[in-house]
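Subject: Structure for your review

Dear colleague,

Please find below the structure that I am handing over to you. My notes on it follow directly after.

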Amino acid sequence: MRTSPSTARIVTTAAALLPLTLTLSAPAQAAGIPGGTVAVRVVKIVDGDTVDVMRGATKVRVQLLGVDTPERGRCWSKAATARTAALLPPGTTARLLTGTTDRIGRLPLHVWSAKGVHVNRNLIRYGYGKAVPSKPADKYTTLFRAEQAKGKADKLRIWSGRCDTTSSTPTPTAPPAGTDPRFRTCAEANAAGYGPYRRGVDPEYAWYQDRDGDGVVCER
(Lines give C-alpha, C1' and ligand atoms only; values in the text may rest on other atoms or scores of the structure.)
Protein backbone atom coordinates (compact mmCIF):
# COMPACT_ATOMS: atom_id res chain seq x y z
CA MET A 1 0.00 0.00 0.00
CA ARG A 2 1.34 3.44 -0.85
CA THR A 3 1.15 5.85 2.07
CA SER A 4 0.66 9.57 1.49
CA PRO A 5 3.23 11.97 2.92
CA SER A 6 0.52 13.99 4.64
CA THR A 7 -0.46 11.09 6.88
CA ALA A 8 2.97 9.71 7.67
CA ARG A 9 4.06 10.72 11.16
CA ILE A 10 7.24 8.67 11.05
CA VAL A 11 10.40 9.98 9.41
CA THR A 12 10.33 8.86 5.77
CA THR A 13 12.51 11.33 3.91
CA ALA A 14 15.69 10.52 2.11
CA ALA A 15 17.53 12.88 4.46
CA ALA A 16 16.42 10.87 7.48
CA LEU A 17 17.65 7.68 5.84
CA LEU A 18 20.95 9.19 4.76
CA PRO A 19 22.89 7.30 7.47
CA LEU A 20 21.94 4.10 5.65
CA THR A 21 24.03 5.13 2.68
CA LEU A 22 27.02 5.87 4.87
CA THR A 23 27.31 2.40 6.38
CA LEU A 24 27.79 0.31 3.26
CA SER A 25 30.61 -1.68 4.83
CA ALA A 26 28.25 -3.47 7.25
CA PRO A 27 28.73 -7.22 6.73
CA ALA A 28 25.92 -9.47 5.54
CA GLN A 29 24.85 -11.95 8.20
CA ALA A 30 23.13 -14.75 6.29
CA ALA A 31 23.58 -16.51 2.98
CA GLY A 32 21.70 -14.70 0.23
CA ILE A 33 22.10 -11.23 1.71
CA PRO A 34 24.25 -9.05 -0.55
CA GLY A 35 27.05 -6.84 0.63
CA GLY A 36 26.35 -3.20 1.33
CA THR A 37 23.31 -3.77 3.53
CA VAL A 38 22.72 -2.29 6.97
CA ALA A 39 21.09 -3.85 10.02
CA VAL A 40 17.87 -2.52 11.54
CA ARG A 41 15.33 -3.82 14.06
CA VAL A 42 11.78 -4.47 12.86
CA VAL A 43 9.21 -2.78 15.12
CA LYS A 44 5.92 -2.90 13.18
CA ILE A 45 4.33 -4.30 10.03
CA VAL A 46 2.14 -1.52 8.62
CA ASP A 47 0.88 -3.50 5.62
CA GLY A 48 2.23 -5.89 3.03
CA ASP A 49 4.78 -3.52 1.52
CA THR A 50 5.39 -1.10 4.40
CA VAL A 51 7.28 -1.73 7.64
CA ASP A 52 8.56 0.39 10.51
CA VAL A 53 12.12 -0.22 11.66
CA MET A 54 14.57 1.26 14.15
CA ARG A 55 17.87 2.48 12.76
CA GLY A 56 19.73 3.26 15.95
CA ALA A 57 17.46 5.62 17.88
CA THR A 58 15.47 6.68 14.80
CA LYS A 59 12.20 5.07 13.73
CA VAL A 60 11.92 4.86 9.96
CA ARG A 61 9.01 3.84 7.74
CA VAL A 62 10.35 1.65 4.96
CA GLN A 63 8.59 1.19 1.62
CA LEU A 64 9.52 -2.10 -0.05
CA LEU A 65 11.02 -1.25 -3.41
CA GLY A 66 9.63 -2.81 -6.58
CA VAL A 67 6.52 -4.41 -5.10
CA ASP A 68 2.98 -3.16 -4.51
CA THR A 69 0.65 -5.22 -2.31
CA PRO A 70 -3.16 -4.74 -2.20
CA GLU A 71 -4.52 -1.69 -0.41
CA ARG A 72 -6.02 -2.23 3.03
CA GLY A 73 -9.53 -3.64 2.73
CA ARG A 74 -8.89 -5.10 -0.73
CA CYS A 75 -8.66 -8.78 -1.61
CA TRP A 76 -5.44 -10.42 -0.34
CA SER A 77 -4.43 -7.38 1.71
CA LYS A 78 -4.55 -9.25 5.02
CA ALA A 79 -2.72 -12.21 3.51
CA ALA A 80 0.06 -9.96 2.21
CA THR A 81 0.41 -8.25 5.58
CA ALA A 82 0.54 -11.63 7.34
CA ARG A 83 3.18 -12.85 4.92
CA THR A 84 5.40 -9.84 5.56
CA ALA A 85 4.91 -10.28 9.31
CA ALA A 86 5.96 -13.93 9.03
CA LEU A 87 9.11 -12.99 7.11
CA LEU A 88 9.92 -9.96 9.30
CA PRO A 89 8.62 -10.66 12.82
CA PRO A 90 8.71 -7.52 15.00
CA GLY A 91 11.77 -7.56 17.23
CA THR A 92 13.96 -9.35 14.70
CA THR A 93 16.84 -7.95 12.69
CA ALA A 94 16.39 -7.07 9.01
CA ARG A 95 18.94 -5.93 6.44
CA LEU A 96 18.28 -2.96 4.14
CA LEU A 97 19.73 -1.99 0.78
CA THR A 98 18.99 1.54 -0.43
CA GLY A 99 17.17 2.28 -3.65
CA THR A 100 16.40 5.59 -5.35
CA THR A 101 14.47 8.48 -3.83
CA ASP A 102 10.90 8.70 -5.11
CA ARG A 103 9.09 11.85 -6.22
CA ILE A 104 7.75 12.64 -2.75
CA GLY A 105 11.05 12.28 -0.94
CA ARG A 106 10.83 8.73 0.40
CA LEU A 107 13.63 6.22 -0.04
CA PRO A 108 12.21 2.80 -0.96
CA LEU A 109 14.40 -0.13 0.02
CA HIS A 110 15.17 -3.75 -0.65
CA VAL A 111 14.72 -5.73 2.56
CA TRP A 112 16.11 -9.10 3.65
CA SER A 113 15.02 -11.06 6.69
CA ALA A 114 17.57 -12.27 9.24
CA LYS A 115 17.39 -15.66 7.51
CA GLY A 116 18.37 -14.19 4.15
CA VAL A 117 14.93 -14.07 2.49
CA HIS A 118 14.58 -11.17 0.03
CA VAL A 119 11.17 -10.00 1.21
CA ASN A 120 10.33 -7.86 -1.83
CA ARG A 121 11.04 -10.79 -4.16
CA ASN A 122 9.19 -13.32 -1.99
CA LEU A 123 5.99 -11.27 -1.98
CA ILE A 124 6.05 -11.07 -5.78
CA ARG A 125 6.94 -14.73 -6.35
CA TYR A 126 4.06 -16.04 -4.25
CA GLY A 127 1.38 -13.68 -5.52
CA TYR A 128 1.09 -11.34 -2.55
CA GLY A 129 1.93 -8.27 -4.63
CA LYS A 130 2.68 -6.97 -8.11
CA ALA A 131 6.09 -6.10 -9.48
CA VAL A 132 6.38 -2.33 -9.87
CA PRO A 133 9.25 -1.03 -12.02
CA SER A 134 11.57 1.28 -10.12
CA LYS A 135 12.86 4.39 -11.86
CA PRO A 136 15.62 4.23 -12.74
CA ALA A 137 15.48 0.44 -12.97
CA ASP A 138 17.79 -1.38 -10.56
CA LYS A 139 19.45 -4.79 -10.78
CA TYR A 140 16.37 -6.58 -9.39
CA THR A 141 13.85 -5.25 -11.91
CA THR A 142 14.27 -8.09 -14.41
CA LEU A 143 14.28 -10.69 -11.64
CA PHE A 144 11.06 -9.34 -10.16
CA ARG A 145 9.33 -9.49 -13.55
CA ALA A 146 10.39 -13.12 -13.94
CA GLU A 147 9.12 -13.97 -10.45
CA GLN A 148 5.80 -12.28 -11.21
CA ALA A 149 5.45 -14.38 -14.35
CA LYS A 150 5.84 -17.51 -12.21
CA GLY A 151 3.23 -16.32 -9.75
CA LYS A 152 0.82 -15.60 -12.59
CA ALA A 153 1.45 -18.99 -14.19
CA ASP A 154 0.71 -20.69 -10.87
CA LYS A 155 -2.38 -18.47 -10.37
CA LEU A 156 -1.30 -17.59 -6.86
CA ARG A 157 -3.40 -15.28 -4.68
CA ILE A 158 -3.81 -11.94 -6.48
CA TRP A 159 -3.52 -13.86 -9.77
CA SER A 160 -6.04 -16.55 -8.74
CA GLY A 161 -9.09 -14.73 -10.07
CA ARG A 162 -10.82 -14.83 -6.71
CA CYS A 163 -10.93 -12.91 -3.45
CA ASP A 164 -9.76 -14.39 -0.18
CA THR A 165 -12.44 -12.55 1.82
CA THR A 166 -15.48 -14.10 0.12
CA SER A 167 -15.46 -17.33 2.12
CA SER A 168 -14.34 -18.58 5.49
CA THR A 169 -10.82 -19.93 5.73
CA PRO A 170 -9.65 -22.89 7.83
CA THR A 171 -7.64 -22.18 10.95
CA PRO A 172 -3.97 -23.10 10.37
CA THR A 173 -1.54 -24.53 12.87
CA ALA A 174 1.44 -22.37 13.87
CA PRO A 175 4.11 -22.55 11.11
CA PRO A 176 7.88 -22.12 11.38
CA ALA A 177 8.96 -18.50 10.96
CA GLY A 178 9.20 -17.36 7.36
CA THR A 179 6.84 -19.98 5.90
CA ASP A 180 3.17 -20.10 4.98
CA PRO A 181 0.63 -21.27 7.58
CA ARG A 182 0.47 -25.04 7.92
CA PHE A 183 -2.89 -26.69 7.27
CA ARG A 184 -4.09 -30.25 7.78
CA THR A 185 -4.55 -30.85 4.05
CA CYS A 186 -3.72 -29.27 0.71
CA ALA A 187 -7.42 -28.67 0.19
CA GLU A 188 -7.48 -26.43 3.26
CA ALA A 189 -4.27 -24.69 2.17
CA ASN A 190 -5.75 -24.00 -1.27
CA ALA A 191 -9.02 -22.77 0.24
CA ALA A 192 -7.02 -20.20 2.20
CA GLY A 193 -5.10 -19.14 -0.92
CA TYR A 194 -1.82 -21.01 -0.35
CA GLY A 195 0.21 -23.37 -2.52
CA PRO A 196 1.52 -24.84 -4.73
CA TYR A 197 4.84 -25.92 -3.22
CA ARG A 198 7.82 -27.46 -5.03
CA ARG A 199 10.24 -30.13 -3.82
CA GLY A 200 13.66 -28.69 -3.04
CA VAL A 201 12.35 -25.11 -3.28
CA ASP A 202 9.58 -24.59 -0.75
CA PRO A 203 9.92 -25.91 2.84
CA GLU A 204 6.13 -26.28 2.91
CA TYR A 205 6.44 -29.14 0.39
CA ALA A 206 7.42 -31.56 3.17
CA TRP A 207 4.17 -30.92 5.05
CA TYR A 208 1.93 -32.53 2.42
CA GLN A 209 1.72 -35.80 0.50
CA ASP A 210 2.93 -35.75 -3.12
CA ARG A 211 0.51 -38.38 -4.37
CA ASP A 212 1.54 -38.29 -8.03
CA GLY A 213 5.25 -37.90 -7.33
CA ASP A 214 5.65 -34.91 -9.64
CA GLY A 215 7.56 -32.83 -7.12
CA VAL A 216 4.67 -30.42 -6.55
CA VAL A 217 2.03 -30.47 -3.81
CA CYS A 218 -1.10 -28.43 -3.23
CA GLU A 219 -1.56 -27.69 -6.93
CA ARG A 220 -4.69 -25.80 -7.84
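The torsion about the S-S bond of C75 and C163 is about -105°, so this disulfide (a pair of cysteine sulfur atoms within 2.5 Å) is left-handed. Its two sulfur atoms, those of C75 and C163, are 2.1 Å apart. C75 sits in the loop between β4 (67-68) and α2 (77-87), while C163 sits in the loop between α4 (141-153) and α5 (186-191), so the bond ties together parts that are 88 residues apart in sequence. Helices (H or I, at least four residues) and strands (E, at least two) are DSSP runs, numbered from the N terminus.

Please note that this is a predicted model, in which local features need pLDDT of at least 70 and side-chain atom pairs count only at pLDDT 80 or more, whereas totals for chains, interfaces and linings use all residues. Residues are numbered from 1 along each chain as its sequence is written, and side-chain values use heavy atoms, with hydrogens and water left out.

The disulfide count comes to two. The other link joins C186 to C218, with an S to S distance of 2.0 Å. The link of C186 and C218 is also left-handed, with -75° about the S-S bond. C186 belongs to helix α5 and C218 to the segment after β9 (216-217), so this pair ties together parts that are 32 residues apart in sequence. C186 is buried, with a relative accessible area of 19%, and C218 counts as buried at 3%. With the bonded cysteines numbered in sequence order, the pairing is 1-2, 3-4.

As for the protein chain as a whole, there are five helices and nine strands. From the N terminus on, the elements run α-β-β-β-β-α-β-β-α-β-α-α-β-β. The chain has 220 residues, and buried residues make up 47% of them. Among contacts (heavy atoms within 4.5 Å) between residues at least 6 apart in sequence, 61% join residues at least 24 apart. The accessible surface of the chain, from the Shrake-Rupley method with a 1.4 Å probe, comes to about 10800 Å², of which 54% belongs to carbon and sulfur atoms.

Yours sincerely

Note on methods: Buried means under 20% relative accessible area, exposed over 50%, partly exposed in between (1.4 Å probe, protein chains only).
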